[in-house]
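Please look through the structure below before reading on. The report then goes through its parts in turn.

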Amino acid sequence: CLVNCTDGSRAVVSGITVQTYANGEQLYLKFCGTLSVPKPAPGDAEAPTIMKGSVIVIGGTGNFKGAAGRGEMTGMLTPGDRFSARTDLTLTLPGEK
């Protein structure tokens with residue numbers, strides 16, 4: 001989902017994200033949050049788009065099959081179209097208490 005924001009605006013976003021690990025296992029997360037585009041710094045043509053929101057674990061493969069949990073996700077899309085994100089989760093794997 002891409003949202004066209006103007007300087008200083010916010011948009012609500014939601015969707016599914018898949019995190020794939022080096023061994024090929026995947027963790028599926030549902031997220032809901034906001035995108036905001038702050039005003040550019042003096043001399044900059046554009047500012048990065050900032051994403052903040054909550055995530056819920058909805059499944060996975062391999063060791064993540066049957067996983068449960070929730071957490072927070074933050075991310076940034078730079079004017080050069082490079083996206084980076086951080087997810088902080090409390091994760092419970094099947095068989096854990």
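## Two strands and a turn

In this predicted model, Leu77 has Phe83 of strand 5 as its bridge partner. Strand 4 and strand 5 form a hairpin, with 5 residues between them. In the turn of this hairpin, Asp81 has a positive phi of about 65°. Strand 4 and strand 5 pair in the antiparallel sense, and 10 bridges join them.

## The chain and its sheet

The protein chain has 0 helices and 5 strands. Read from the N terminus, its elements run β-β-β-β-β. The chain has 97 residues, and buried residues make up 27% of them.

How are the strands arranged in the sheet? The 5 strands form an open sheet in the order 1-2-3-4-5, with antiparallel pairing. Strand 1 (10-20) and strand 5 (83-92) are the edge strands, and each of them pairs on one side only. On average, neighbouring strands of the sheet are turned by 20° against each other, direction ignored.

## The nonpolar core

Which residues make up the largest nonpolar core? This core has 11 residues: Val13, Leu27, Leu29, Phe31, Leu35, Met51, Val55, Val57, Phe64, Ala67 and Met73. Strand 2 and strand 3 (49-60) each supply at least two residues of the core. The largest share comes from strand 2, with 4 residues. In soluble globular proteins, nonpolar side chains tend to be buried together.

Met51 is one of the core residues. Leaving aside neighbours within four places in sequence, Met51 is in contact with Thr34, Leu35, Met73, Thr74, Gly75 and Phe83. Among these contacts, Leu35 and Met73 are also listed in the core.

Thr49 is found in strand 3. Is Thr49 buried or exposed? The relative accessible area of Thr49 is 19%, and the cut-off for buried is under 20%, so Thr49 counts as buried. Not counting residues up to four places away in sequence, Thr49 touches Leu35, Ser36, Val37, Gly75, Met76 and Leu77. Leu35 and Gly75 are in contact with Met51 too.

The structure holds 1 aromatic pair. The ring centres of Tyr21 and Phe64 are 5.2 Å apart. The planes of these two rings stand at 35°, so the pair is tilted. The cut-offs explain the label, because stacked needs planes under 30 degrees apart and edge-to-face needs planes over 60.

Where in the chain do the two residues of the pair lie? Tyr21 is in the loop between strand 1 and strand 2, and Phe64 is in the loop between strand 3 and strand 4 (68-77). The two residues are 43 residues apart, and the pair links distant parts of the chain. Tyr21 is partly exposed, with a relative accessible area of 35%. Phe64 has 12% relative accessibility and so counts as buried. Phe64 is also listed in the largest nonpolar core.

## Asn63 and contacts across the chain

Asn63 also has its place in the loop between strand 3 and strand 4. At 52% relative accessibility, Asn63 counts as exposed, because the cut-off for exposed is over 50%. Not counting residues up to four places away in sequence, Asn63 touches Glu25, Leu93 and Pro94. Asn63 and Leu93 are 30 residues apart along the chain, while their C-alpha atoms are separated by 7.3 Å.

Contacts can also be counted for the protein chain as a whole. Among contacts between residues at least 6 apart in sequence, 46% join residues at least 24 apart.

## The salt bridge

How many salt bridges does a search of the whole structure find? The search finds 1 salt bridge. In this salt bridge, the side chains of Arg86 and Asp88 meet at 3.0 Å, N to O. Arg86 has 53% relative accessibility and so counts as exposed. Asp88, at 41% relative accessibility, counts as partly exposed.

Technical notes
Residues numbered from 1 in each chain as written. Predicted model: local features only at pLDDT ≥ 70, side-chain atom pairs only at ≥ 80, totals over all residues. Heavy atoms only, no water. Salt bridge = Lys/Arg side-chain N within 4 Å of Asp/Glu carboxyl O. Buried < 20%, exposed > 50% of the residue type's maximum accessible area, 1.4 Å probe, protein only. Pairing = 2+ DSSP bridges. Axes fitted to C-alpha atoms, helices over the stretch in contact; angles between N-to-C directions. Core = buried A, V, L, I, M, F, W, Y, C linked by side-chain atoms within 4.5 Å. Contact = heavy atoms within 4.5 Å. Phe/Tyr/Trp six-rings, centres within 6.5 Å; stacked < 30°, edge-to-face > 60°.
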